[in-house]
Amino acid sequence: MPEFGSKSKERLQSCDPQIQKVLEEAIKHYDFSVLEGHRTEEKQQEYFESGASKVQFPNSKHNVAPSLAVDVVPYPIDWDNIHRFKELSEVIKEACKTVEVDNLHWGFDLWQWDMPHWEIRT
């Protein structure tokens, strides 16, 4: 059974408890890494200026504490393997059902891009 590494655990701790609950269930079924939860003002601006994010601080759900957004990637990382991102999304969606969290949404479903991104929507 896969499990989170120390960096993924640390990053996950910066996220809303609902996100933690879902991803702790999902890791039991599919290997992935947590790239980022909470994001500082400096990091958000860096991502905005580079084009990696479409919003400036404080308008990202990553900018609140605890973070209402998380970025995850199938492990081992292969940014070009879209199929694995879709597999991971199905595992996370199933984990949402299992732990009864119904407000976590995938960035790709929301905007047709941003495959690593998941966020709580109310």
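This briefing looks at a four-stranded sheet and at one residue within it, Glu 119. The model is predicted, so local features need pLDDT of at least 70 and side-chain atom pairs count only at pLDDT 80 or more, while totals for chains, interfaces and linings use all residues. Residues are numbered from 1 along each chain as its sequence is written, and side-chain values use heavy atoms, leaving out hydrogens and water.

**The sheet**
- Neighbouring strands are turned by 35 degrees against each other on average, direction ignored; the axes are lines fitted to C-alpha atoms.
- β1 and β2 (residues 69-74) pair in the antiparallel sense over four bridges, where pairing needs at least two DSSP bridges.
- Ser 33 has Val 73 in β2 as its bridge partner.

- Glu 119 sits in strand β4, residues 117-120.
- Glu 119 counts as buried because its relative accessibility is 5% (buried means under 20% relative accessible area, with a 1.4 Å probe and protein chains only).
- Its side chain makes polar contacts (N or O atoms within 3.5 Å, one able to donate a hydrogen and the other to accept it) with the side chains of His 117 at 2.9 Å and Arg 121 at 2.8 Å.
- Not counting residues up to four places away in sequence, Glu 119 touches residues including Lys 61, Leu 68 and Trp 111 (contact means heavy atoms within 4.5 Å).

Note on methods: Helix = DSSP H or I, 4+ residues; strand = E, 2+ residues; numbered from the N terminus. Buried < 20%, exposed > 50% of the residue type's maximum accessible area, 1.4 Å probe, protein only. Axes fitted to C-alpha atoms, helices over the stretch in contact; angles between N-to-C directions.
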